[in-house]
Amino acid sequence: KLPDANIIPREPIFSMNNTNSFTFSYIPQNNAMPTVYRWNAGLQFLLRNDMAIDVGYDGSKGTHLYAQPTPINAAPFAATAPLVAAGADFGTQSVNFNPLGIRNSDGSVIPGTLIMTLRRFPNWFNRIINADYDRSGNSTYHSLNLGFQKRFNAGLTYLASYSWSKSLDDGAPTGNDIYGSSNLQQPIREKGLSAFDTPHKFRSSFSYELPMGTKKLLFSNANRLVNAIVGGYNLSGTITRQSGYPGVVYLGNAGWFQSSVAGTGNDGFTIRPNINPNVPLINPNWRNNPFTTNYYNPDALSIPGTPSNPSLGTAPKSLGNGRSPATFTFDTSLAKNFALGPEGRFKLQLRTDAFNILNHPVLFLNPNGRNTGLFTYVASTRSFVVNRSVTGIDPNNTGQYGNYAGRMFRLGLRLQF
């Protein structure tokens, strides 16, 4: 529950300096504890002594999760929209917009703007006040998992798995509120696909003990020295293909909440565009030049509302039909095992791993490159211009969500005892 309007004290606990350069937060006063419940079930069928299949289900439910900060002192859109439509001036500063005549430490009245008079707590008229450590977030996850395992002769094992899943949340923290609700003044949070949702994931792997060394197909009669050189090798590999992550689109400006006179009637919220129906969201030509061409089709997006009726966009918080491209990687490992000590009690392993050995492009939308927005507002003509390269694929993305864009090698040494 938010505190009642007009009761947050301003003085003497706080006093404004001449630059008004401080911020503070409201901490919701409750004892809610972030909690995640998990459950799973599975069956394994042994088809033969060397072959098995698995069928499983995983689920989870998160409650009281930390969500992005909520501005509790921001002016509501319902109050600003009519003023924007009427051509109100939101840019001019005046002491007349300081409803309580609050003063600086030097005694001068602090000037404000029109939008500050519409905020909930007039004694903090020039501060939006974020509610940090909000624990109203929720999440759900469901996954069907299938697995197959086959052991062949001569040290060869094959594994395959497939998962079909869906992860939803209503604004769990991501470090950037572009994933959150575009209008945090709504009493119910917006539920949508999680930023890390990948509905389809297939993985196929093998492990092969190379047939070289004593009692093996090759060098079967090798002496101890030769066996130490040619024996004990293991080759393995993993192929992974998975869906891309959901995309995010937003205007990057106030849309038609931009006043025709000065300033804006948007008090710090993220506004998304409209999704135009029957138009492909992903640009069909993005592969022609993926690093400079919009991944999203500009014709599929538009400014919400009109100059006389500004509104919020219809785009959801994350786009299931606007995912990053699906990824494909092939990782391999070659290990050499040495038996040490009496009866091989100690084992030393020297291994080299190659990630994405085929150097297949792993393409993502840069989550840090969206701050320019899809549209640029041109004040002189009161119009919007499409930013043609704002959602291009990032050529320097080397670690989003733990994935790596290029080929990488790793050398390791492990001692077992």
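These are my notebook entries on a predicted model of one protein.

**Entry: overview**

I began with the make-up of the chain. I found two helices and 19 strands in the protein. The chain has 417 residues, and 41% of them count as buried. I then looked up contacts between residues at least 6 apart in sequence. Of these, 74% join residues at least 24 apart. The accessible surface comes to about 22,700 Å², and carbon and sulfur atoms hold 57% of that.

**Entry: confidence**

The average pLDDT is 83, and 86% of the residues score at least 70. Residues 5–9 fall below 50, yet this stretch has 12 contacts in the model beyond near neighbours in sequence. Residues 11–15 also stay under 50. For residues 11–15 I noted four contacts beyond four places in sequence. Where pLDDT is low, predicted coordinates should not be read in detail. I left both stretches there.

**Entry: a nonpolar patch**

Which residues form the nonpolar patch on the surface? I listed Phe338, Leu340, Phe346, Leu350, Leu411, Leu413, Leu415 and Phe417. Together they have about 840 Å² of accessible area. Strands β15 (327–340), β16 (346–355) and β19 (408–416) each give two or more residues to the patch. β19 gives the most, with three. Leu415 sits in β19.

β15 and β16 run antiparallel and are joined by nine bridges. Within this pairing, Leu340 has Phe346 in β16 as its bridge partner. β16 also pairs with β19, again antiparallel and over nine bridges. There Leu350 stands opposite Leu413 of β19. Both of these residue pairs belong to the patch.

**Entry: a three-strand sheet**

I turned to an open sheet with the strand order β1-β5-β4 and mixed pairing. Its edge strands are β1 (25–26) and β4 (70–71), each pairing on one side only. β1 pairs in the parallel sense with β5 (residues 130–131), over two bridges. Ser25 has Asn130 in β5 as its bridge partner.

**Entry: salt bridges**

How many salt bridges are there? I counted eight. I followed some of them.

Arg119 and Asp267 meet through their side chains at 2.8 Å, N to O. Arg119 lies in the loop between α1 (77–85) and β5, and Asp267 in the loop between β10 (233–242) and β11 (274–275), so this pair ties together parts 148 residues apart in sequence. Both residues are buried.

Arg323 and Asp197 meet at 2.6 Å, N to O. This pair also links distant parts of the chain, 126 residues apart. Arg323 is in the loop between β14 (309–310) and β15, while Asp197 is in the loop between β8 (192–193) and β9 (200–209). Are these two buried or exposed? Arg323 counts as buried, at 13% relative accessibility. Asp197 is buried too, at 2%.

Asp353 forms a salt bridge with Arg351, with the closest N and O atoms 3.0 Å apart. Asp353 is buried, at 5% relative accessible area, whereas Arg351 is partly exposed, at 27%.

Note on methods
Residues numbered from 1 in each chain as written. Predicted model: local features only at pLDDT ≥ 70, side-chain atom pairs only at ≥ 80, totals over all residues. Heavy atoms only, no water. Helix = DSSP H or I, 4+ residues; strand = E, 2+ residues; numbered from the N terminus. Buried < 20%, exposed > 50% of the residue type's maximum accessible area, 1.4 Å probe, protein only. Contact = heavy atoms within 4.5 Å. Areas by Shrake-Rupley, 256 points an atom, 1.4 Å probe, with all protein chains shown as cover. Patch = residues over 30% accessible without salt bridge, like charges linked within 9 Å, V, L, I, M, F, W, Y side chains within 5 Å. Salt bridge = Lys/Arg side-chain N within 4 Å of Asp/Glu carboxyl O. Pairing = 2+ DSSP bridges. pLDDT = per-residue confidence, 0-100.
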